[in-house]
Amino acid sequence: MTRLLFAALAVSLSLTLGSVSVAQDAPEPVYGGSVTVAIVAEPPGWDPTVSTSQEIPRVVYHNVYEGLVRLNRNGDIVPALAESWQVSEDGLTWTFQLRDGVVFHDGSSLDAADVVAKFERATDPDSGHTNPAYYESIETVSAEGSTVTFTLNEPNTSLLYNLARPDSIIYPPELADTQRSQPIGTGPFRFAEYVEGSEVRLERFEDYYLDGVPYLDSVTFRIIGDPNTQFAALRAGDIDLIGVALSPENALQVQNDPNLKLSQGTATTEITLALNNRLEPLSNPLVRQAITHAIDKSVIVDGAMFGFGTVIGSHVSPAEPYFVDLSNTYPYNPERARELLAEAGYPDGFSLRFELPEPYNIERRSGQVIAQQLTEVGIEVDLSIVEWGTWIQRIFLGADYDMTIIGHSEPRDINIYANPDYYYGYDNAEVQALIEAAEQAPSDLAQNEIYARVAEIIAQDAVNVWVFSPPYLVAAANDVYGFWEDQPTPAIDMTEVYRAP
Amino acid sequence: MLFYLIRRFLSALVTIFLASALVFVAILAVPGDPAEIILGINASPQALAALREQLGLNEPAWRRYLSWLGGVVRGDFGESLNYQRPVATLIVDRLEVSVPLALGAMFVACVIALPVGIVAALSRGRWLDPLLTSLAQLGAAVPSFWLGLMLILLFSVELGWLPAAGYVPWERDPVATLRSLALPVLALGLGQAAVMTRMTRAAMIEVLSQDYVRTASAKGLPRRRVVGGHALRNALVTLVTIFGLSLSQLLIGSIIIEQVFSLPGLGRLVLTAIGTRDFPLLQGEILVYASAIVLLSFLVDVSYGLLDPRIRYQ
């Protein structure tokens with residue numbers, strides 16, 4: 001107990017120190033220059049509305065493309081192409097006032113018809129638009145002057161948040177077919193050149209509607225898949241910023257390098273040991289509680305993450321507004337775990353398949369420690385590694401598994417516990433009713449209260465074991481400032497980044 | 001000779017066809033749906049169905065394979081599911097990285113392996129041979145991705161001479177292209193050099209123990225002419241085989257090296273194609289690899305006749 005508390009304290013302490021030190025010595029912004037940022041994989045084109053690949057928004061969202069609203073670096077929803085909006089009393093009519101004088105990178109002006117065309121496409125399930133579910137509640141979209149009106153078929157508190165997602169970006173509808181290779185948006189940078197498979201260069205857009213930004217003349221995103229090569233390239237000065245996939249061991253080395261700095265922010269990822277609630281013996285809540293008691297999460301954070309991470313107790317990361325610390329619901333207690341197993345009718349334990357997803361290093365390492373810990377309370381673990389396509393198809397979509405481990409990085413994703421067909425197989429009418437109510441909650445605050453309640457229920461039910469939330473780690477050259485230290489949305493926003501001596 | 005060529009050509013076609021069919025079956029056997037990979041795990045069934053229709057995934061597998069094969073015969077390699085661009089242009093773009101990488105590595109390997117292997121064979125029984133052989137053993141044991149990382153740490157991080165990762169296209173700045181290829185070529189070439197050194201040494205020792213070499217020495221020919229004129233000439237048939245096989249190994253080895261050095265080559269495209277179940281792209285790539293390997297082995301066979309006049313083709 002004491003050790004657990006101490007570990008949690010140490011993590012929160014280092015979090016505070018990390019962000020303060022970066023913010024404190026930031027000099028005045030300087031205009032000009034360029035910054036090179038590492039990304040990890042080649043995106044399949046550049047249009048976030050036709051592919052859900054996370055590599056696409058990392059480069060283009062906020063930098064090249066924008067939507068009506070967006071998240072700022074603190075995760076608050078703020079105006080982007082819409083300067084203001086109103087919601088009617090009954091929550092069924094949403095009116096957005098577009099900003100004046102917004103131009104696309106090809107010189108044409110943004111008008112309300114562009115916005116209408118966009119959401120007509122998004123709500124048409126045959127259009128190939130990604131995630132049509134985000135827009136399901138939209139009945140019609142209409143334009144009048146520079147006002148766009150959404151009429152909903154039911155109140156939907158999540159709509160505004162969904163409009164801040166990368167799927168909701170707006171580009172000239174007549175250029176839809178070429179966005180894949182030649183993105184045209186309204187953002188602070190225009191898409192200048194893509195060297196196939198190697199790097200993409202963005203250049204400052206002179207006609208950006210906000211004054212004073214961006215600071216940089218150009219930004220290059222270079223594709224470097226191997227984390228060790230990324231780190232070597234940063235040390236060699238070939239790149240200036242690592243914002244994706246910085247490994248914990250490299251983060252330690254960044255801390256010791258006088259030419260580099262490390263920032264640790266919050267991220268919305270929960271490393272989740274998923275239990276198949278449909279199958280014996282995991283369908284027994286006592287067994288799931290026993291498994292939670294058997295796992296010493298702080299050892300995993302130290303062993304797999306070199307201490308970078310916060311122990312959690314439900315499907316909520318500390319970055320979410322509805323976070324409550326539930327990590328002591330079923331604390332580490334192997335004795336209690338054995339008692340519960342005996343009580344559930346398994347005094348001699350049982351054996352489980354435990355499958356680790358091949359591409360994810362942190363999950364693989366954590367899984368190995370967990371397997372060891374489960375063995376100590378008498379659960380025999382048959383550990384194997386599965387390739388990603390197989391993981392998606394058989395485990396995630398087919399729910400053919402006993403245990404697996406994965407980072408759930410989507411923000412505000414606690415609603416997955418209301419879906420009995422989800423791969424956890426968790427079917428609880430109370431949770432389903434609460435999530436339904438949350439969708440129609442009168443305010444964000446009310447919605448957050450309901451989410452916090454759901455977090456408590458699923459923790460009590462020990463649906464899964466939520467192990468820890470890894471921080472968002474950024475490594476940068478000492479002279480680079482203004483980058484986002486948290487990651488509320490999967491974008492590497494370069495709008496306010498600058499270099500200063 | 002003509003009859004031989006026709007026979008070889010036909011057997012090459014069968015080999016390539018079998019390779020493509022095998023890969024097609026393999027990718028059908030592993031779980032994973034391209035449409036789900038493109039639209040993500042939250043995609044609605046309706047959107048998935050629409051995309052599957054658009055990509056032609058609703059057709060039965062054998063018909064997809066036959067229509068792909070029919071396209072290839074007409075010179076049309078189809079369109080990549082993931083990139084939604086013609087496979088042929090994707091592959092050709094990547095060859096400008098992978099071909100110089102493999103050839104450069106082959107050059108490095110030959111320049112090291114030939115002299116070192118010959119010297120090791122000639123100094124058999126003295127101190128130099130075990131030293132060179134141990135070095136070659138060590139070189140063969142070191143994995144190329146580790147060697148690549150060490151080269152990056154030395155030449156990019158410590159010395160700052162060469163870029164750590166990335167690629168500059170030839171048309172932009174050829175010197176920069178060569179600089180970005182230098183370390184990968186070295187990492188790939190050194191490992192192969194170690195393997196080839198051992199093979200060259202073995203081939204030379206074999207030839208040096210032949211009767212005609214003893215006869216040549218006995219009749220008083222200078223050592224240089226015995227080695228250069230008699231031994232090396234006869235060892236060439238073996239060496240050409242080894243080098244031909246090595247080049248195919250380099251093509252495969254470049255998949256890992258391209259990953260370490262972040263080069264946009266054919267190897268990385270293969271990994272992407274497998275990850276996204278992009279079967280037209282993968283089929284096209286396998287076709288290129290299989291053709292390259294078949295062509296190499298054909299060239300090796302033909303060269304035997306040039307190197308050894310006793311060999312005739314029937």
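**A walk through the two chains**

Setting aside its neighbours within four places in sequence, A:Ala233 touches A:Ala38, A:Ile224, A:Asp238, A:Ile239, B:Ala164 and B:Ala165, where two residues are in contact if their C-beta atoms, placed from the backbone, lie within 7 Å. This is a predicted model, in which local features need pLDDT of at least 70 and side-chain atom pairs count only at pLDDT 80 or more, while totals for chains, interfaces and linings use all residues. Residues are numbered from 1 along each chain as its sequence is written, and chains are lettered from A and ligands numbered from 1 in the order in which they are written.

A:Ala233 is also, together with A:Val37, A:Leu241 and A:Ala475, among the residues with the most contacts inside the largest nonpolar core, which has 201 residues. Such a core is a set of buried Ala, Val, Leu, Ile, Met, Phe, Trp, Tyr and Cys residues joined through C-beta atoms within 7 Å; a residue is buried if 20 or more other C-beta atoms lie within 10 Å of its own, exposed if 12 or fewer, and partly exposed in between. In soluble globular proteins, nonpolar side chains tend to be buried together.

Between the chains, 37 residues of chain A are in contact with 42 residues of chain B. On the side of chain A that touches chain B, the elements giving two or more residues are β10 (218–223), α5 (227–236) and α11 (388–397) of chain A, helices (H or I, at least four residues) and strands (E, at least two) being DSSP runs numbered from the N terminus. The largest share of that side, seven residues, comes from α11(A). By class, the side of chain A that touches chain B has 13 nonpolar, 14 polar and ten charged residues, with Ala, Val, Leu, Ile, Met, Phe, Trp, Tyr, Cys and Pro counted as nonpolar, Asp, Glu, Lys and Arg as charged, and the others, Gly among them, as polar.

Helix α11 of chain A also holds A:Ile395, which counts as buried because it has 22 C-beta neighbours inside 10 Å. Leaving aside neighbours within four places in sequence, A:Ile395 is in contact with A:Glu355, A:Asp400, A:Tyr401, A:Thr404 and A:Tyr423. The C-alpha atoms of A:Ile395 and A:Glu355 are separated by 8.9 Å, although these residues are 40 apart along the chain.

Elsewhere in chain A, helices α8 (residues 297–305) and α10 (residues 361–376) pack at an angle of about 135°, with their axes 9 Å apart; axes are lines fitted to C-alpha atoms, for helices over the stretch in contact, and angles run from 0 to 180 degrees between N-to-C directions. That makes α8(A) oblique to α10(A), since angles under 35 degrees count as roughly parallel, over 145 as roughly antiparallel, 65 to 115 as roughly perpendicular and the rest as oblique. In this contact, A:Val299, A:Ile300, A:Gly303, A:Ala304 and A:Met305 of α8(A) meet A:Ile362, A:Arg365, A:Ser366, A:Val369 and A:Ile370 of α10(A), and the residues divide into seven nonpolar, two polar and one charged.

Chain B has twelve helices and zero strands, and buried residues make up 36% of its 314 residues. Its helices α10 (residues 223–260) and α11 (residues 266–275) pack at an angle of about 90°, with their axes 7 Å apart, and are therefore roughly perpendicular to each other.
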